[in-house]
Amino acid sequence: MPTVLITGANRGLGLEFAKQYAADGWSVIATCRNPIGVGELAQIEGDIAVYGLDVNNPPSLDRFVADLDGRAIDVLINNAGVYGPKGITAKDVTVEDWMPVMQTNMMAPLFLARALLENVSKGDRKLIVNISSIMGSVEKGAAGSEYIYRSSKVALNMVMASYAQEIADTKVAVVMFHPGWVQTDMGGASATLTPTQSITGLRSSIEKLSFKDTGKFMNYDGTPMPW
Ligand SMILES: NC(=O)c1ccc[n+]([C@@H]2O[C@H](COP(=O)([O-])OP(=O)(O)OC[C@H]3O[C@@H](n4cnc5c(N)ncnc54)[C@H](OP(=O)(O)O)[C@@H]3O)[C@@H](O)[C@H]2O)c1
């Protein structure tokens with residue numbers, strides 16, 4: 001069966017990805033900052049291995065890549081993300097609040113993708129999937145607030161659209177998805193989709209991807225998202 005690697009798999013969308021792929025018989029490499037006491041993740045049955053990975057910590061990343069020992073990965077899912085302080089308007093934005101969100105949402109996905117490019121090249125599916133957001137769409141997501149999170153996802157889109165071009169000769173496809181507005185700690189209880197609905201849609205869209213889709217930004221249902 002194929003192998004999927006998921007970051008931030010201890011809760012929210014990452015946990016649901018791990019549950020669904022494991023239930024479907026995939027080999028799941030589930031990563032999270034602190035793999036001790038990860039309740040629901042530890043209870044998932046199937047071919048699942050849980051690793052510690054803080055995506056912002058270079059020694060943690062190096063250790064993790066070494067532990068994988070060149071293992072082939074079919075689908076790498078850069079899911080881990082943070083929102084930062086909510087309700088931020090221009091007068092409130094600070095460098096201290098902005099930097100960690102940019103690091104987690106924009107820089108870390110590229111650092112992980114480049115560290116595991118060889119592993120993904122060895123897989124049959126050859127996919128790097130990045131969980132972006134409609135808030136990273138200038139056309140659909142711009143509004144007079146939330147500068148930190150919006151800018152981090154716009155930047156993620158640009159970084160990954162560029163990386164898609166840089167590594168085109170490897171035939172590894174790099175894509176970005178908006179997962180919908182989902183009931184997680186980040187999305188909140190009023191969100192319109194359950195994690196099950198979002199991840200069912202995302203998995204079906206991921207299943208249909210091929211190299212011709214590299215560099216695209218899509219909704220969870222596979223329809224195009226404007227930049
Ligand atoms: N929910 C929505 O409506 C929505 C909409 C659009 C996009 N998204 C995106 O979807 C992705 C998943 O979001 P979610 O709703 O599942 O959020 P969530 O419930 O807040 O979960 C975020 C996950 O990211 C992990 N994470 C954060 N920083 C990390 C780090 N430095 N290293 C490793 N893991 C880290 C968290 O781990 P800890 O438990 O250790 O904090 C947690 O597992 C994010 O990229 C988010 O921006 C969500």
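Q: What radius of gyration would a compact globule with 227 residues have, and what does the protein have?
A: This is a predicted model. A compact globule with 227 residues would have a radius of gyration near 17 Å. The protein has 16 Å, which agrees.

Q: OK, what does the C-alpha trace span along its principal axes?
A: The spans are about 50 × 40 × 35 Å.

Q: How many helices and strands are in there?
A: The protein has eight helices and seven strands.

Q: And what share of the residues count as buried?
A: The figure is 42% of the 227 residues.

Q: What about contacts with a separation of 6 or more: what part comes from residues 24 or more positions apart?
A: Those residues account for 65% of such contacts.

Q: Switching to the ligand. How many residues surround it, and which are the closest?
A: The ligand is surrounded by 28 residues. The closest are Gly8, Gly12, Gly81, Thr184 and Gly187.

Q: Which helix gives the most to that shell?
A: Helix α1, residues 12–23, gives the most. Its share is three residues.

Q: How does the shell around the ligand split by class?
A: It has 13 polar residues, 11 nonpolar ones and four charged ones.

Q: Now α8. How far does it reach from its first C-alpha to its last?
A: Helix α8 covers residues 195–207, so 13 residues, and reaches 18 Å. That is close to the 18 Å expected at 1.5 Å a residue.

Q: Which residues of α8 are buried?
A: Pro195, Ser198, Ile199, Leu202 and Ile206 are the buried ones. They cover an arc of only 85° around the axis, which puts them on the same side of α8.

Q: What's exposed on the other side of α8?
A: Ser204 and Glu207 are exposed there.

Q: And what covers the buried residues of α8?
A: The cover includes helix α1. It also includes the strands β4 (75–78), β5 (127–131) and β6 (173–178).

Q: Next, α7. What should its 20 residues span, and how far apart are its end C-alpha atoms?
A: Helix α7 runs over residues 147–166 and should span 28 Å at 1.5 Å a residue. Its end C-alpha atoms are 28 Å apart, so the two agree.

Q: Which residues are buried in α7?
A: Among them are Ile148, Tyr149, Arg150, Val154, Leu156, Met160 and Tyr163. Ser152, Lys153, Asn157 and Ala164 are buried too.

Q: What do the buried residues of α7 pack against?
A: They pack against α4 (95–115) and α6 (138–141). They also pack against β5, β6 and β7 (217–219).

Q: Where is Asp69 found?
A: Asp69 is in the loop between α3 (58–68) and β4.

Q: Is Asp69 buried or exposed?
A: Asp69 counts as exposed, because it has 7 C-beta neighbours inside 10 Å. The cut-off for exposed is 12 or fewer.

Q: What about Glu146: what is its phi, and where is it found?
A: Glu146 has a positive phi of about 55° although it is not a glycine. Glu146 is in the loop between α6 and α7. It is partly exposed, with 18 other C-beta atoms within 10 Å.

Q: Last one: where is Arg11?
A: Arg11 is in the loop between β1 (3–6) and α1. Arg11 counts as partly exposed, because it has 17 C-beta neighbours inside 10 Å.

Q: What separates the C-alpha atoms of Arg11 and Val38?
A: The distance is 8.6 Å, and Arg11 and Val38 are 27 residues apart along the chain.

Note on methods. Residues numbered from 1 in each chain as written. Predicted model: local features only at pLDDT ≥ 70, side-chain atom pairs only at ≥ 80, totals over all residues. Near = placed C-beta within 6 Å. Helix = DSSP H or I, 4+ residues; strand = E, 2+ residues; numbered from the N terminus. Nonpolar A, V, L, I, M, F, W, Y, C, P; charged D, E, K, R; others polar. Expected span 1.5 Å × (residues − 1). Buried ≥ 20, exposed ≤ 12 C-beta atoms within 10 Å, placed from the backbone. Arc of directions from axis to C-beta. Contact = placed C-beta atoms within 7 Å. Rg over C-alpha atoms; globule rule 2.2 N^0.38 Å.
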